[in-house]
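Here is a short briefing to read with the model open beside you. Please take a first look at the fold, and then we can go through it topic by topic.

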Amino acid sequence: MSLLSEVQLEFPADAGQGTRVSVRVQNAQGGPVVSIAGELDLTTAPHLRAVLLKVTAVCPRGCGISLDLSGVTFCDCTGLHVLLSSRQQALGADRPLAITAGSPRVDRLLEITGTAPLFTPAG
């Protein structure tokens, strides 16, 4: 049974501006996987927040949400804030959120800010 249909979104949607971020949601056995590629910044972070809120809302209680950030080429403090606030919201709804793959840029940002342990998948 599929709770989420496979979705792929690109922002901004205007063809003339070029795609800055792509968000793909897929069902997996352990729960949804949200794959993000491109730039997470002031312009694109609100779109990611909206997707993560929706995924959290439709994901069954106790089900984990995995983030694949291996395609993220840039992440500023706005992107980090969305990741942290989405994690907090998901945990509050008993839906743990973990980063299962990160890009060197994301890994470095999480390391510098001391937030990497917050996104470790449950063992």
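Predicted model: local features only at pLDDT ≥ 70, side-chain atom pairs only at ≥ 80, totals over all residues.

The protein chain has 123 residues, of which 40% count as buried. Its secondary structure comes to 3 helices and 5 strands.

**Overall fold**

- If you trace the protein chain along its sequence, the elements come in the pattern β-β-β-α-β-α-β-α.
- Among contacts in the protein chain with a separation of 6 or more, 61% are between residues 24 or more positions apart.

- Strand S2 (residues 21–26) and strand S3 (residues 33–40) run antiparallel and are joined by 6 bridges.
- S2 and S3 form a hairpin, with 6 residues between the two strands.
- In the turn of this hairpin, Gly31 has a positive phi of about 140°.

**The largest pocket**

- The largest pocket has a volume of about 160 Å³.
- Lining this pocket are 15 residues, and the closest to its centre are Gly64, Ile65, Pro96, Leu97 and Ala98.
- Which elements give two or more residues to the lining? They are strand S4 (65–75), helix H2 (77–92) and strand S5 (97–102).
- By residue class, the lining of the largest pocket divides into 9 nonpolar, 5 polar and 1 charged.

**Cysteines**

- How many disulfides does a search of the whole structure find? The search finds 0.
- Cys63 is in no disulfide, and its nearest cysteine sulfur, that of Cys59, is 3.4 Å away.
- Is Cys63 buried or exposed? Cys63 is buried, with a relative accessible area of 15%, because the cut-off for buried is under 20%.
- Cys77 is in no disulfide either, and the nearest cysteine sulfur belongs to Cys75, 8.9 Å away.
- Cys77 has a relative accessible area of 63% and is therefore exposed, the cut-off for exposed being over 50%.

Technical notes: Residues numbered from 1 in each chain as written. Heavy atoms only, no water. 1 Å grid on protein atoms, 1.4 Å probe; cavity = no way out; pocket = protein on both sides within 12 Å on 5 of 7 lines; lining within 4 Å. Points joined across faces, edges and corners; volume = space filled by probe spheres on them. Helix = DSSP H or I, 4+ residues; strand = E, 2+ residues; numbered from the N terminus. Nonpolar A, V, L, I, M, F, W, Y, C, P; charged D, E, K, R; others polar. Disulfide = S-S within 2.5 Å. Buried < 20%, exposed > 50% of the residue type's maximum accessible area, 1.4 Å probe, protein only. Pairing = 2+ DSSP bridges. Contact = heavy atoms within 4.5 Å.
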